[in-house]
Amino acid sequence: MKRSNKPIFWALFGAGGMLSALIGPMLIFITGIAVPLGLLNRETMRYERVLALAHNGFGKLALLAVISLFLFHGCHRMYHCLHDFGIHVGPGLKAAFHGFAAAGTLAAAYCLFLVG
Amino acid sequence: MAGWWRRNPYYLWYMLREASCVFITVYALILLWGLVRLSQGEVRFEDWLESLSSGKSLAFHAVALPLVLYHSWTWFKVMPKTMPYTRTPPAVIVASGVTAAVLCSALLFVSVWWFGLWSMP
Amino acid sequence: MIRIECLRFNPETDTEPHWRGYDVPFNDEMSVLEGLQYIKDHLDGSLTFRWSCRMAICGSCGSMVNGAPKLSCETFLRDYFPGPLRIEPLNHFPIVRDLAIDQTDFLAKLESVRPYIINPDVPAQGTFLQKPEQQDRYYQYSQCINCLLCYAACPQYGLNEKFTGPAALALLHRYNADSRDAGKAERMAVVNAEDGVWGCTLVGYCSEVCPKGVDPARAVNQNKIESTKDYFKNLLFPGKSK
């Protein structure tokens with residue numbers, strides 16, 4: 001039987017799953033509900049503040065980790081969902097989904113590089 | 001097998017858990033988009049920030065929140081099965097995971113809230 | 001009286017399965033198996049179903065009861081009164097006749113995991129020694145009675161017949177985790193394959209329906225970790241593991 005390549009994607013899926021399980025809901029609440037509705041001070045996400053976060057080494061890591069791992073988790077699961085719905089999934093779709101997550105990761109890394 | 005997941009409540013809950021991944025992906029893309037706008041300067045970034053207050057954005061996040069909470073709950077519920085061999089009772093493992101999530105979330109909220117109380121020069 | 005509806009199929013006379021209903025007198029103590037036996041003894045002698053021990057240890061009497069995989073000897077009519085109670089053969093297996101299914105595929109999967117102690121180093125005297133802590137690592141998985149409820153429960157097996165499946169993987173783990181066994185390397189090919197542990201998406205229904213508390217979902221997912229470790233070991237040191 002041929003060895004599966006699943007472990008790489010599963011490890012990324014797991015890391016993303018753990019991260020999103022720990023802080024996903026709170027992040028969504030803060031950035032998507034609390035700040036836009038003014039429950040939290042709007043200043044929290046002001047340009048200068050977020051830029052300062054992105055300039056900081058740990059901040060860069062945090063932003064990259066959240067975007068990248070959330071993407072890998074989501075894409076890996078979405079790919080499996082297709083299979084669950086009975087859609088035939090082959091290496092092409094597998095590459096597309098995980099490639100999308102990888103592309104998102106690269107885009108995030110590039111932006112963080114641009115930001116300085 | 002078509003529609004198999006509709007024939008048993010257990011499978012429906014499984015599909016709900018799986019569906020959360022769509023919202024996690026879209027949320028990550030929203031953040032990524034914010035990062036892109038950040039790299040394009042203040043005006044573009046403030047536009048992005050403003051768009052978070054739109055009806056569509058609020059609606060998305062309002063749906064995403066309970067679904068991602070459900071992902072979080074099921075993630076820890078299933079942790080006794082995904083962890084390496086241990087004699088710790090499953091209930092303790094689940095409780096530890098949930099506690100960790102609550103603590104991390106609280107820490108995140110408090111730091112952001114406290115951070116927001118400063119006024120920058 | 002309780003109404004029991006059974007899915008019937010005789011390969012010699014039928015082109016398709018069809019339902020037959022029966023009114024069965026019952027009392028609070030009757031199991032679904034006893035209901036089926038009443039039908040066979042008094043109402044319709046052609047009804048075919050497997051059973052043996054009547055006490056959830058032989059694994060013969062599995063069927064779908066109102067859409068859920070159950071052992072009919074351990075499921076009680078009183079919980080379904082007044083009915084109708086719908087009984088079908090276990091999901092995801094070909095029907096041989098009425099409620100009897102063809103387990104050939106499972107037996108092949110079982111054989112593929114080498115479900116026996118592999119150890120060339122037999123003790124010089126007497127038997128292997130094993131401490132209670134060592135037995136604890138595999139005990140629950142050794143309780144499997146091969147009843148196939150988990151296969152009926154598993155949608156991944158339903159979608160892909162090549163998936164090794166819960167019970168076979170649980171038994172694979174039972175031997176890998178047994179301190180007397182030394183055959184882990186030989187079983188890794190099955191673990192690592194796309195249709196090995198990686199066919200599982202942790203629906204978890206298998207563990208939910210297991211009548212013996214085997215928890216196959218746990219066995220499979222422990223081995224995802226093992227498979228991942230093995231994968232990276234092979235990446236870094238190719239040739240050292242299969």
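A crossing of two helices is left-handed if the near helix is turned anticlockwise from the far one by less than a right angle, and right-handed if clockwise. By this convention, α6(C) passes α9(C) in a left-handed crossing. The structure is a predicted model, in which local features need pLDDT of at least 70 and side-chain atom pairs count only at pLDDT 80 or more, while totals for chains, interfaces and linings use all residues. Residues are numbered from 1 along each chain as its sequence is written, and chains are lettered from A and ligands numbered from 1 in the order in which they are written.

Helices (H or I, at least four residues) and strands (E, at least two) are DSSP runs, numbered from the N terminus. Two packed helices are described by the angle between their axes and the distance between the axes. For helix α6 (residues 166-176) and helix α9 (residues 216-236) of chain C, the axes come within 8 Å and cross at roughly 65°; axes are lines fitted to C-alpha atoms, for helices over the stretch in contact, and angles run from 0 to 180 degrees between N-to-C directions. On the α6(C) side, C:P166, C:A167, C:L169, C:A170 and C:H173 meet C:P216, C:A219, C:V220, C:Q222 and C:N223 of α9(C), where contact requires C-beta atoms, placed from the backbone, to lie within 7 Å. The contact of α6(C) with α9(C) comprises 7 nonpolar, 3 polar and no charged residues. In this classification Ala, Val, Leu, Ile, Met, Phe, Trp, Tyr, Cys and Pro are nonpolar, Asp, Glu, Lys and Arg are charged, and the others, Gly among them, are polar.

Helix α6(C) is largely enclosed by the rest of the structure, because 11 of its 11 residues are buried. A residue is buried if 20 or more other C-beta atoms lie within 10 Å of its own, exposed if 12 or fewer, and partly exposed in between, with C-beta atoms placed from the backbone. Among the buried residues of α6(C) are C:R174, C:Y175 and C:N176. The packing partners of the buried residues of α6(C) are α2 (104-112), α4 (149-153), α7 (184-192), α8 (205-209) and α9 of chain C.

Chain C also contains a pair of antiparallel strands, β3 (residues 62-65) and β4 (residues 68-71), joined by 4 bridges; pairing requires that DSSP find at least two bridges between the strands. C:G62 has C:L71 of β4(C) as its bridge partner. The hairpin of β3(C) and β4(C) has 2 residues between the strands, and C:N66 takes a positive phi near 50° there.

Chain A has 4 helices and 0 strands, in the order α-α-α-α along the sequence. The radius of gyration of chain A is 17 Å, well over the 13 Å that the globule rule gives for 116 residues, so chain A is more spread out than a compact globule. This radius is taken over C-alpha atoms, and the globule rule is 2.2 Å times the number of residues to the power 0.38. The C-alpha trace of chain A spans about 55 × 30 × 20 Å along its principal axes. Buried residues account for 47% of the 116 residues of chain A. Of the contacts in chain A between residues at least 6 apart in sequence, 68% join residues at least 24 apart.

Chain B comprises 5 helices and 0 strands. Its radius of gyration is 19 Å, whereas a compact globule of 121 residues would have one near 14 Å. The C-alpha atoms of chain B fill a box of roughly 55 × 40 × 20 Å along the principal axes, and 29% of the 121 residues are buried. For contacts in chain B between residues at least 6 apart in sequence, the share joining residues at least 24 apart is 44%. In the loop between α4 and α5 of chain B lies B:P89, which is exposed, with 10 other C-beta atoms within 10 Å. B:P89 is 27 residues from B:G116 in sequence, and their C-alpha atoms are 41 Å apart.

Chain B touches both other chains considered here. The contact with chain A takes 46 residues from chain B and 44 residues from chain A. On the chain B side, α1 (9-39), α2 (42-51), α3 (55-77) and α5 (90-117) each supply at least two residues, and the largest share, 13 residues, comes from α1(B). That side divides into 34 nonpolar, 9 polar and 3 charged residues. Towards chain C, 14 residues of chain B are in contact with 17 residues of chain C. The elements of chain B giving two or more residues to this side are α1 and α4 (79-82), with the largest share, 3 residues, from α1(B). The side of chain B that touches chain C holds 9 nonpolar, 2 polar and 3 charged residues.

Technical notes: Two residues are in contact if their C-beta atoms, placed from the backbone, lie within 7 Å.
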